[in-house]
Amino acid sequence: MRLWKIATGGVHAGKETQLMVSEKIDAAVEASAMLMGGETTGEVIDFYRKQVAANATRLT
């Protein structure tokens, strides 16, 4: 959904691109902290799934 929104351009494409990149970086930092804190890979995957679900809800 995001890539479609970005590819079609428009006034929100730049903002969506910036949001996507910043969210990816934030999620990677959070996942690293979770792993260093002793959480399991399953817990990290659950974290990512919640992030993706929130974005899907926002974009639809």
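Predicted model: local features only at pLDDT ≥ 70, side-chain atom pairs only at ≥ 80, totals over all residues.
Biologist: Which element of the protein chain has the highest mean pLDDT?
Modeller: The chain averages a pLDDT of 88, and 100% of the residues score at least 70. Helix α1, residues 2-7, has the lowest mean, 80. The highest mean, 91, belongs to α2.

Biologist: How many salt bridges are there?
Modeller: Side chains of opposite charge can pair when their charged atoms come close. Here glutamate 16 meets arginine 58 at 2.9 Å, N to O. The pair links distant parts of the chain, with glutamate 16 in helix α2 and arginine 58 in helix α3, 42 residues apart. The count of salt bridges is 1.

Biologist: How much space lies in the largest pocket?
Modeller: Rolling a probe the size of a water molecule over the atoms shows where empty space is left. Lining the largest pocket are 15 residues, and Arg2, Glu23, Lys24, Val52 and Asn55 lie nearest its centre. The space in the largest pocket is about 310 Å³.

Biologist: Which helix gives the largest share of the lining of the largest pocket?
Modeller: Two helices, α2 (13-36) and α3 (41-59), each supply at least two residues of this lining. The largest share is 7 residues, and its source is α3.

Notes. Residues numbered from 1 in each chain as written. Heavy atoms only, no water. 1 Å grid on protein atoms, 1.4 Å probe; cavity = no way out; pocket = protein on both sides within 12 Å on 5 of 7 lines; lining within 4 Å. Points joined across faces, edges and corners; volume = space filled by probe spheres on them. Helix = DSSP H or I, 4+ residues; strand = E, 2+ residues; numbered from the N terminus. pLDDT = per-residue confidence, 0-100. Salt bridge = Lys/Arg side-chain N within 4 Å of Asp/Glu carboxyl O.
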